[in-house]
Amino acid sequence: MTDCGCEQARRDLEEYLRHEVCKTQHTDITEHLERCPACRDEALVAKTLTDVVARACRESAPEELRDQVLQQLRSAQATHH
C-alpha cells in the first residue's frame, strides 16, 4: 500500500472514521496517519468530537426543556392554522 498524502487523508477523514471507505483507501489513510503527526492530530480531534456528539445524542433532554419545546411547537402550529 502507499501513503495517500495529506490532501486525500483530510478529504476522506470523516468517511474513514465511519468506516465508509474501501479497504484499500482505509489502509492507505491508516498508513498516512501513522506517518503524519498533523493529520493524526486532526483525526484525533475529529474522532473525539464525533464521540462526544454521539454520546450527547444518546442522552435525554431534561423534562422541563422538552415541555417548553413542545409548548412552543404547539403554539407555533396553532398560529399557522
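Predicted model: local features only at pLDDT ≥ 70, side-chain atom pairs only at ≥ 80, totals over all residues.

Helices here are DSSP runs of H or I with at least four residues, strands are runs of E with at least two, and both are numbered from the N terminus.

Residues are numbered from 1 along each chain as its sequence is written, and side-chain values use heavy atoms, with hydrogens and water left out.

Two packed helices are described by the angle between their axes and the distance between the axes. Take H3, residues 23-35, and H4, residues 37-58: their axes come within 6 Å and cross at roughly 110 degrees. That makes H3 roughly perpendicular to H4. On the cut-offs, under 35 degrees is roughly parallel, over 145 roughly antiparallel, 65 to 115 roughly perpendicular, and the rest oblique. The axes themselves are lines fitted to C-alpha atoms, for helices over the stretch in contact, with angles running from 0 to 180 degrees between N-to-C directions. And the handedness I set up at the start? H3 passes H4 in a left-handed crossing.

Which residues of H3 and H4 meet there? From H3 you have His32, Leu33, Glu34 and Arg35, and from H4 you have Pro37, Cys39, Arg40 and Ala43. By type, the residues of that contact divide into four nonpolar, one polar and three charged. For the bookkeeping, Ala, Val, Leu, Ile, Met, Phe, Trp, Tyr, Cys and Pro count as nonpolar, Asp, Glu, Lys and Arg as charged, and the others, Gly among them, as polar. Contact means heavy atoms within 4.5 Å.

On to charges. Side chains of opposite charge can pair when their charged atoms come close. I'm calling it a salt bridge when a side-chain nitrogen of Lys or Arg is within 4 Å of a carboxyl oxygen of Asp or Glu. How many salt bridges does a search of the whole structure find? Six.

One of them joins glutamate 42 to arginine 10, with the closest N and O atoms 2.9 Å apart. This pair links distant parts of the chain, since glutamate 42 sits in H4 and arginine 10 in H1 (residues 6-11), 32 residues apart. Both ends are partly exposed: glutamate 42 has a relative accessible area of 34%, and arginine 10 has 38%. Buried means under 20% relative accessible area, exposed over 50%, and partly exposed in between, using a 1.4 Å probe and protein chains only.

Then there's glutamate 31 with arginine 35, where the closest N and O are 3.7 Å apart. Both lie in H3, four residues apart, about one turn of the helix. Glutamate 31 is buried at 16%, whereas arginine 35 is exposed at 60%.

Arginine 18 and glutamate 14 also meet in a salt bridge, 3.9 Å from N to O. Arginine 18 is partly exposed at 43%, and glutamate 14 is partly exposed at 38%.

Cysteine 6 is in H1 and partly exposed at 33%. Beyond its neighbours within four places in sequence, cysteine 6 is in contact with His32, Cys36 and Cys39. Cysteine 36 is 30 residues away from cysteine 6 in sequence and 7.9 Å away in space, C-alpha to C-alpha.

Histidine 19 is in the loop between H2 (13-17) and H3, and is exposed at 64%. Have a look at its backbone: phi is near 60 degrees, a positive value in a residue other than glycine.

Histidine 26, in H3, is partly exposed at 26%. Neighbours within four places aside, histidine 26 is in contact with Tyr16, His19 and Val21.

Last stop is glutamate 59, in the loop between H4 and H5 (63-79), which is exposed at 58%. Okay, that's my tour, happy to take questions.

Key. Left-handed = near helix turned anticlockwise from the far one by under 90°.
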